[in-house]
Every structure is written in C-alpha cells, then in structure tokens.
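Hi there,

Here is the structure I promised to pass on to you. Have a look at it first, and then read my notes below.

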Amino acid sequence: MTPSATYRLQLQPDFPFSAAEDAVPYLATLGVSHLHLSPVLEAVPGSTHGYDVVDHGRVRAELGGEEGLRRLSRTARRHGLGLVLDIVPNHMAADPRHNHALREVLREGPGSPYARWFDIDWAAGDGKILLPVLGGRLGDEMEGFRVDGEVLRHGGQEFPLRAGTSGLPLPGLLDAQHYRLCWWRLARTELNYRRFFTVSELIGVRVEDPEVFAATHAKILGLVRDGTVEGLRIDHPDGLADPAGYLERLSAASGGAWTVVEKILTGPEPLPAGWAVAGTTGYDALHRIDGLFVDPVGAAELLGHYRESASPAVDRGGYWQATVRRAAYRVVTHELAAETALLTRLASRVCAGDPALRDHAPWALRTAVRELLVRVPVYRPYVTAGGPCTESAAAALDATAVSDAKAVFAVREEAAAVDVVRELALGRLGPGGDRAAFCDRFAQTASALRAKSVEDTAYYRYVPLISANEVGGDPGAPAVAPEDFHAFCARLARDWPATGTALTTHDTKRSADVRAAVAVLSECPGRWSRLVAELARTAPAAPDPQLAWQAWQTAFGCVGFPAGEQAARLVPALLKAVRESGLFTSWTEPDPGYERAMTDFVAAGPAAATGPARELLAEFAATLAPHVRANVLGAALVQLTMPGVPDLYQGTEREYLALVDPDNRRPFSPPSPGSPASGKEALTAAALRLRRERPGVFGESGTYVPLAASGPAAGHLLAFCRSGEVVTAVTRLSLRLAEAGGWRGTELALPDDGVWRDLLAPGREFSGGGVAVAELFDRGPVALLSRAAPAGTSDPG
C-alpha cells in the first residue's frame, strides 16, 4: 500500500528494534502511516548506519535479529503502522572478516562461484584483486603479518589463505594469493574493483546478474511477501549498471511494493519515466521547498559580500559553475584516477579490436574520458550498450560537451578520440564485451564523480549561503520562485503522485531547521556582512576567511544548540567541511597545523559558549527569531501537504538542529509523555492526521491547484488547494515583508463559497471568496484550512 507519511528511524546498536518498538505508540499518535527503517541486514559489527552490509541473508543480530524485526512489525501493525525498509543493492563492506562472499573470492580467485558478485578487473591486477588495507608500504609492514592456520592476520585484519599456501615463507606466501595487499594510498591509482564512490572499504555488487540479484534479495523479498515489510527505499541506484532493469526486476519480485529511489536529480532533470518506482526519496522536493524561502536579490548581494570578505581561494571570481568544474577535475584526476584508468583500458581494447579505430592512442582516449566525464551535467546517462539511446541520455554528452572536450587537444586528429568515447559511453558502438563494460562503467563513474565533486567538494568550497548547499540543490541559483514551485508540484501530481518528499535526512549536511535559519540571511545580507566583520574583531583570527564565513553561518544556524554542546558538535562538522573541500587539508593529505588552527578558531569563536562573540550572535539571532520561525513552519507545512508522501526524519516534528553525519545520526529519543507540544509539533500532527483521515485529498488521485493572492504583498504568500478540500497558505520572506510595511490589504482567494476551518487555530473559520491575509495570519505565519462539511453530512475524504 502507498503510505500517507513515513517516519525515518536510524537503527544502530544503541537504538535497536526494541527501541523502535517502544516508540511505536508515540509515532502512531503523531499520525504517520509507516516507519521508515535504515538498513536492517547484517553489517560490519558496531556500524552506526548499516550501509556496510556483509550478509544479505540475515537480519542484523546487533539490532535484535529477524525475530526482533518481526516483533517490531507486529507491534507497528497493531497500532496501524507498516514498515518501509532501506536496502543497499549497490555495495557491500569490503571486509573479508565478515563478508563471506568476498572471503571466498579472496580464497579461490576468479574461479570462485562468488567472483561474479563483484566488478573485478582481474587482468589489471595480474590475476589478483588489489586490497589497499595497509597503513604503510608493504615492505614496512612485513613484521606485522602472522599465519594462524588457514588465515593471514595483520593487526585487527584477517585474510583467507589459498589452499596449500600456509606453509610458505612470508614473501612467497603473500605472492601466492589471489589478492595483493598494499598501502591504502595506492587505491587512488591501482584499485581494480568497483567501489562505492571513492570508499575502498565498500565494494560494488553486480546485481544486474540474475543469480546475484536472487542471492542478495531473497531475505528482503521474503519479508515483503509475508507482509512484514510493505515498502522499500533504494540506496544509490546510480551506482548500478542498469538501474531501470534492476528496478523492473525488483518490482516484479516484490509484487509492486511501494518503492522510492535515492535518485539525485539535477536542475530540471526528470526522473526516467520508465522506472518501476513511485518516485524519489525527495531531494528534488527539498530543493524547491528551501528555495521558496530564499530572497534572490538578497542572495546575490550576499554573494557579493562573500567574494569581498572570503576571497575564495579556489575561484577568485566566486562563481558556482567554475567551482564545480575545478572540483570535478580534481576528483577525476586524483580520487577517481583508478576508475579513469579502467575506462581508458576498456576503450583501448575496443579500439585495438576494430581496424577503423586502431589509430586512437591510449593517452588520447584517457584525455577524452576525463574531459567528457567532467562535462556530464547530471549524475549519469541511462543507457545500455546496444540499447536505445534516449534524448536525455544523449543530452548528458551533447554537442557542446563534445566541442569543449575536443578544444583541449592541440591536434585535431587526436581530438577524434572524444567521438569514440562518447559513442561508447552512449552504448552506440554495440553490445557485448568491453563495449558493454565501458558503457556501464562510464555511467557508474560519472555518478561517483558528480557526487564527490559536487556534494562532497564544491558544496564545501562555495559557501556564500550554506543553506543552499544540500544534495540536489543549486547553490548558484538558490531561490525558487512560487510559480516554479507550483509547476513542480503540478508535475508531481500528474506524473509521480506517490513520490517521496523530504526536508531532513540522514545525509543532509544541515537539518531543515538550521537551513531555515540561515536562509533568513538572504533577506538581510548587509546586516550579516557587518556582523561577520564585528565578530572577527571579537574572536581569534580564522586560518582562512572562507572558513570564517561558513563557520559563523553555521554558528548562527545552530545558536539554539543546548548549552555546552556547541564545540563538541560544531568542531567535527567544520573539520569535515575543510577536509572535504580539499583546499587547505584533506582526508588523505591532512595538514595538522591548519587543522589545529581551525579547531582553535572554531572552539574559541563560533562555538564558544560564552563571551562577546556569543553575545553578538545571540542578540542577532533574537532579532530574527520570528522570521526563522516563519521559515521553519512554512517549510514544514508545505512538505506535509504538497503532492507526494512526506518522510519525516526522526525528531524533526519538533525543533531539530543538526549538522552533517554523524551529528544527525544520534539515537532517537521520543518526547516524554505529557510534555507540551511545540508549535511545529502541533502543526505536524494536525497535517499528518489530516493526511491519514483524508486519503482521497492527498492520495494518488488528489489534485493540486495554486491559489492566487492580490495586493502589494502578494509575492510573500504561497498558497495551494488540494483536491478542492484543503488549503495550505504560508508566509515567505517575512523579514522583507515586515520591512515593506506588512500585508497592506493583500487578499487570498479561497475556493468558492464554502466554509473553511483553520486546523492550526481551533474555532476559526473563513468563508470562501476573498480573505484578508493579515487576518488569516494574525495568529501565526501559516494556515491549514479544511473545508467544513455541510450540516448533517460527514467530512469528505
């Protein structure tokens, strides 16, 4: 069944199935229809997220095992709730201690029946799989090895020994295996297995193989078929060789269970129409909702102050697209160098076997691969070798991309390699062998490049307004006009009415409430710039001005953190930010001096619990508190009533301030019984109950109609009607509205002549036709109206 709303719980050893079971009564009262659980299959011991699966056939013992999951399902069902599971088809943990399938491949090599599970280029490793697991060069690590029966141990790691090799002297024993142990830094250039993004600890799985699909999905599908689970969330489908084929097979095997995919759409990019899913997990909605509360004029002014104050080191002009391109070059030539090398080898083998292509040199093919990869404007093209090439796939490598890539070459004839690589990437040089492998791996590498260069690099390098730096967003154009939002919702209602929507997830860099606060800065860019200058005079100097700019914005967004938690939470989040950006330090080449200076600055300035800087920030935040509240409530109500199935992240029905993981993955704690509900919680409960009680209004047959306002402040109101029965109205850019003199006679046209009850202000009613917006919002910045049924009839559903 299609949920009315889902509630995401992050399971971990400190919050197992039993803890989720304890929360069921509260969540049922809140009004959701389904619990959305993070991955439940056996993972690396101690994992706090579960995406490092080691055994697809078992429910994770640390969470309570299969019986614990089934007990949770039974308890949820008694309270009217179902379960939605997050599943991870793309990768497993590359840990042979716990991953039985990988252990057998290491023991038996390419002849193992499990070898087909993984994308391993055995030829590139001389018949061995490279394992970049050592802390130093192999020669320096030799004393750390010891043989223990049929197992080779090194520190806390262990590796299976090939039959008959345990008695060999150490150098010969290491060489006799089907794997080669090496320094972790060699993963950058020599890795020969597909991984998740640039994470060598996660090895890709070939679920396009029917036998592998069956083996890795049997347990999950069994839970769906017996009713324990009712829906699925698919992690990272862009990592798969054939996402469309996978989703079709999954839909058939699950009986068409409600399924959403973590597909990151770029700009106007649509979800592929043929995918057998209900829609996405909601990042496309998140971007549109956030953008409603960003002032485009103020955001442009803020960018100007950022350029003057921060002097972005990566891009002196401070332009978003330039930042993205530089980041892409960095990632494709460094972190993804091994993947680029594989694509070059595949292209070279194709050319060597075709007399018409034989003259293309490997270096020219390598350059063509690199230049086309950095120009893919979306996550990947969706094609299979020899299959149809859709317009959208071709657009991912359009004529402009080809022309720009060729311009890098000094010799025109050598630039022809770009045409070869493009045709291979679009699957137009035929199916089979290296051609098919190239087509698949180009798309998989493109998605990894996009994720690493945009989400994990550019978002931390380009920071004029950090609330815009969220997955699926556009920091270069953060504002979304109401008419564009309405058009987006109309498309959802027509094409993807059961898609997911989200505001906060386990992967968001900042929770929705933090982003709502920071977005207000787009309405007062001058005041913010002056405050940053004043803060700089009251706190220690930052090691670079770009860090200072985003650190102060982060501190402003999190000014409501409980006393004493600022440093413990801000320092790790900002340390992650500077490492991801790669400008002055990084995960693989850390600069201890810079990181020490960064930590000292954040602890003594933006994260200080007391002192002049803290006082300035608190005073500034107090003056903007009503406008932050308007953003928080407006975003929440829009998400809960727009087309699609809203997913609430744990705790976000109340004020929820959190930064990037692991800060946002702390164990969930429901409110104490009898504790007073906040305004946000009351709004959330009212909207969720309405969704549950009126499925016809919000379900797949429901309609979406924008409502127009008239008057001088009409642009500050966003309103729409669902199925002629429910009206949502929210205030946007409330600070600008107040500065302009308020609503000043602005009116909202309500549908026809019915009576509309305000569910957020019991006892208030409005007649159809025109209503003064000042009156509509005299008790708060948002309104949720439900058509009252005529006397003697029941409410329509």
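**A threonine in a strand**

Thr728 is found in strand β22 (residues 726-731); helices (H or I, at least four residues) and strands (E, at least two) are DSSP runs, numbered from the N terminus. Before we go on, please keep in mind that this is a predicted model, where local features need pLDDT of at least 70, side-chain atom pairs count only at pLDDT 80 or more, and totals for chains, interfaces and linings use all residues. Residues are numbered from 1 along each chain as its sequence is written, and side-chain values use heavy atoms, with hydrogens and water left out.

Is Thr728 buried or exposed? Thr728 has a relative accessible area of 1%, so it counts as buried (buried means under 20% relative accessible area, exposed over 50%, partly exposed in between, with a 1.4 Å probe and protein chains only). Setting aside residues up to four places away in sequence, Thr728 touches Leu637, Thr641, Leu718, Ala719, Phe720, Ala783 and Leu784 (contact means heavy atoms within 4.5 Å). With Thr641 there is also a polar contact between the two side chains, at 2.7 Å. A polar contact is a pair of N or O atoms within 3.5 Å; within protein, one must be able to donate a hydrogen and the other to accept it, and residues adjacent in sequence count only if both atoms are side-chain atoms.

**Salt bridges**

Side chains of opposite charge can pair when their charged atoms come close. How many salt bridges does a search of the whole structure find? The search finds 58, a salt bridge being a side-chain nitrogen of Lys or Arg within 4 Å of a carboxyl oxygen of Asp or Glu.

Arg116 is partly exposed at 36% relative accessibility, whereas Asp209 is buried at 9%.

Arg116 also forms a salt bridge with Glu211, where the closest N and O atoms are 3.0 Å apart. Glu211 lies in helix α7 and Arg116 in the loop between α3 and β7, so this pair ties together parts that are 95 residues apart in sequence. A network of salt bridges links Arg116, Asp119, Arg194, Arg206, Glu208, Asp209 and Glu211.

**The nonpolar cores**

In soluble globular proteins, nonpolar side chains tend to be buried together. The largest nonpolar core here has 116 residues, and Leu27, Leu37, Phe118, Phe485 and Met642 touch the most other members. Such a core is a set of buried Ala, Val, Leu, Ile, Met, Phe, Trp, Tyr and Cys residues joined through side-chain atoms within 4.5 Å. Helix α1 (residues 17-30) gives this core its largest share, 9 residues. Beyond its neighbours within four places in sequence, Leu27 is in contact with Tyr7, Leu9, Val32, Leu35 and Leu81.

**A sheet to finish**

Finally, look for an open sheet of 3 strands in the order β8-β9-β10, with antiparallel pairing (two strands pair if DSSP finds at least two bridges between them). Its edge strands, β8 (145-148) and β10 (157-160), each pair on one side only. Strand β9 (residues 151-154) is joined to β10 by 4 bridges, and Leu152 stands opposite Phe159 in β10.

Enjoy exploring!
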